[in-house]
Amino acid sequence: MAFSATAQGEVKMSIWGHTADGVAVPIYTLTNGQIEVRVTAYGAYLVSVRTPDRTGKMADVVLGFDSFDTYTIKPNPYMGAIVGRYGNRIAGGKFTLDGKTYQVPVNNGPNALHGGTKGFDQYVWQAKEVPDGVEFTHVSPDGDMGFPGTLTATVRYTLKGSTLRIDFTAKTDKATVLNLTSHAYFNLHGDDQGNILDHKIEIAADRFTPVDATLIPTGELAPVAGTPLDFRKPEAIGARIDADNEQMKRGGGYDFNYVLNGKPGTLHLAAIVTDPVSGRKLTVETTEPGVQFYSGNFLDGSFTGRHGVKYEKHAAFCLETQHFPDSPNRANFPSTVLRPGETMHSTTTFTFGVAK
Ligand code: GLA
């Protein structure tokens, strides 16, 4: 069941804080029916999503911080950020495009992760209110973090009924690569209510991209069948997380890109997650070819959330809808190249409900 909108959607803006150099950072509250969403222009972060459980009790189902300043502390693990210019990993931070080789910063072992040392999560985006939401725009200059082309990216958050929709667009003035995604961390119990190991997840993927020891895809599209990565039928996240399986050991839990069965470019199912305790249910749909399912393996208690609770290992899961990792180096993966004159469009929806 999805909630029906009982009230007119509303968007409110306030100034949440200021950056060290004095730039005002707006935060927007989107309300519609029973759901309340907060997003900020800093890093285009999804800060909060309050939804009811089966008894109507409200809780925040994404991890986040009270104060704007905490978001500026690195290594804040992209706690709800929009990551870019290239979400996920690029092997050795190196790729060749139109015969020219580019080196981007290496910030995750030997690889580039989430756009480099200063990714899109660390900028104040321009904000504009739109019907039912807000649109953020960020212009990344030619050569930013080593990537070619001036890239103008927009991220539009809208809340309609029980669906939070994120629309991404991008244009460039030189050929470049990009992979924009939301790095929201969900816990359907509530952000201060323990871990997500009992949540049941179903992922609409028959295949995944196996990784090497540094989490770079080997290039193979392997079946999930017969592995602990098989979520074609709903299963608890924790049921096989410690399985004696090489891929699982490399990920330290789930940290894998799934090859979605649906047709890229059209909205298709990525995953459905339910919490047996609260009854809350999250359905993720996307136009992207893949989703990185990450079980919060690197959360280690070093960040304290908005309710004073330390975010420990597995305190949340992420479903980062995306193109596959290391696509710039893999001709057999869907292309992440954007050329002048083209517009990249991508949509992901998060629908909140209660399981029967
Ligand atoms: C992604 C990566 C993970 C980790 C997190 C951020 O999910 O795949 O390995 O880097 O981002 O901590």
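A polar side-chain atom of Arg89 lies 2.6 Å from an oxygen atom of the ligand, a polar contact in the sense of a pair of N or O atoms within 3.5 Å. The structure is a predicted model, in which local features need pLDDT of at least 70, side-chain atom pairs count only at pLDDT 80 or more, and totals for chains, interfaces and linings use all residues. Residues are numbered from 1 along each chain as its sequence is written, and side-chain values use heavy atoms, with hydrogens and water left out.

For His183, the distance from a polar side-chain atom to an oxygen atom of the ligand is 2.7 Å. For Asp255, the corresponding distance is 2.4 Å. The protein covers 95% of the 300 Å² of accessible area that the ligand has on its own (Shrake-Rupley method, 1.4 Å probe).

The ligand takes up the space of the largest pocket. A pocket is an open set of points on a 1 Å grid over the protein atoms alone, where a 1.4 Å probe fits, with protein on both sides within 12 Å along at least five of seven lines. A molecule sits in it if more than half of its atoms lie within 2 Å of its grid points.

The protein has 2 helices and 27 strands (DSSP runs of at least four and at least two residues, numbered from the N terminus). Its radius of gyration is 19 Å, close to the 21 Å that the globule rule gives for 356 residues, so the protein is as compact as a globular protein of that length. The radius is taken over C-alpha atoms, and the rule is 2.2 Å times the number of residues to the power 0.38.

Some backbone angles stand out. Most peptide bonds are trans, and most residues other than glycine have a negative phi. The bond from Lys74 to Pro75 is cis, with omega near 10 degrees. Pro75 is in the loop between helix H1 (68–71) and strand E6 (82–83). The bond from Gly84 to Arg85 is also cis, with omega near 0 degrees.

Note on methods
Polar contact = N/O pair within 3.5 Å; in protein donor to acceptor, adjacent residues only side chain to side chain. 1 Å grid on protein atoms, 1.4 Å probe; cavity = no way out; pocket = protein on both sides within 12 Å on 5 of 7 lines; lining within 4 Å.
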